[in-house]
Amino acid sequence: MAVQAVYQMECAMNEWSNAKLCDIANLILGLILLLSPWIVGYSGSPVQNALISGLVIAGLSVAALAAFAQWEEWLNLLLGLWVLASPWLLGFQGTAAATVHILVGILVAALAAVEIWLTQETPQARR
């Protein structure tokens with residue numbers, strides 16, 4: 001009985017750590033998107049999208065690190081999909097800004113999906 005409890009606690013700690021790593025990675029990606037107009041050097045309408053989306057991604061990631069709620073991951077997933085689709089929806093496809101948005105969008109959405117999967121897979125491992 002005690003061995004099973006220790007095993008469950010180890011599994012919970014591994015899942016907790018993996019989920020936190022996803023949040024930290026999304027925080028970094030949000031900051032990259034936020035700073036990308038100056039790093040990559042683009043201007044115009046993609047700048048507003050990068051600033052707002054990057055700020056929201058980073059903010060949600062900080063909130064998830066502070067106190068987990070699954071809705072934060074779902075919002076990050078939706079936001080990642082928005083960032084991915086925004087070059088076509090806002091008309092800046094084929095630019096350096098589009099490349100940044102597509103890459104960050106794919107990674108944010110994938111990390112959020114992984115974190116949702118991790119918390120769904122083992123409910124006792126929730127933070």
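**Leu-33.** I looked up the contacts of Leu-33 first, taking contact as heavy atoms within 4.5 Å. Leaving aside its neighbours within four places in sequence, Leu-33 touches Tyr-42, Ala-50, Ser-53, Gly-54, Ile-57, Val-83, Val-100, His-101 and Val-104.

**Basis.** I note that the model is predicted, so that local features need pLDDT of at least 70 and side-chain atom pairs count only at pLDDT 80 or more, while totals for chains, interfaces and linings use all residues. Residues are numbered from 1 along each chain as its sequence is written, and side-chain values use heavy atoms, with hydrogens and water left out.

Buried stands for under 20% relative accessible area, exposed for over 50% and partly exposed for what lies in between (1.4 Å probe, protein chains only). This core has 14 residues, and Leu-33, Tyr-42, Ile-57, Val-104 and Val-108 touch the most other members. Helix H1 (2-41), H2, H3 and helix H4 (96-121) are the elements that give two or more residues to it. H4 gives the most, with five residues.

**Whole chain.** I find four helices and zero strands; helices are DSSP runs of H or I with at least four residues, strands are runs of E with at least two, and both are numbered from the N terminus. The order from the N terminus on is α-α-α-α. Of the 127 residues, 43% count as buried. Among contacts with a separation of 6 or more, 67% come from residues 24 or more positions apart.

**H2 and H3.** I looked up how H2 (residues 45-66) packs on H3 (residues 70-90): the angle is about 170° and the axes are 10 Å apart. Axes are lines fitted to C-alpha atoms, for helices over the stretch in contact, and angles run from 0 to 180 degrees between N-to-C directions. H2 and H3 are therefore roughly antiparallel, a term for angles over 145 degrees. The residues of their contact divide into eleven nonpolar, six polar and two charged. Here Ala, Val, Leu, Ile, Met, Phe, Trp, Tyr, Cys and Pro count as nonpolar, Asp, Glu, Lys and Arg as charged, and the others, Gly among them, as polar.

**Glu-72.** I checked Glu-72 last, which lies in helix H3. Glu-72 is buried, with a relative accessible area of 4%. Leaving aside neighbours within four places in sequence, Glu-72 is in contact with Leu-60, Ala-63, Ala-64 and Ala-67.

Methods:
Parallel < 35°, antiparallel > 145°, perpendicular 65-115°, else oblique. Core = buried A, V, L, I, M, F, W, Y, C linked by side-chain atoms within 4.5 Å.
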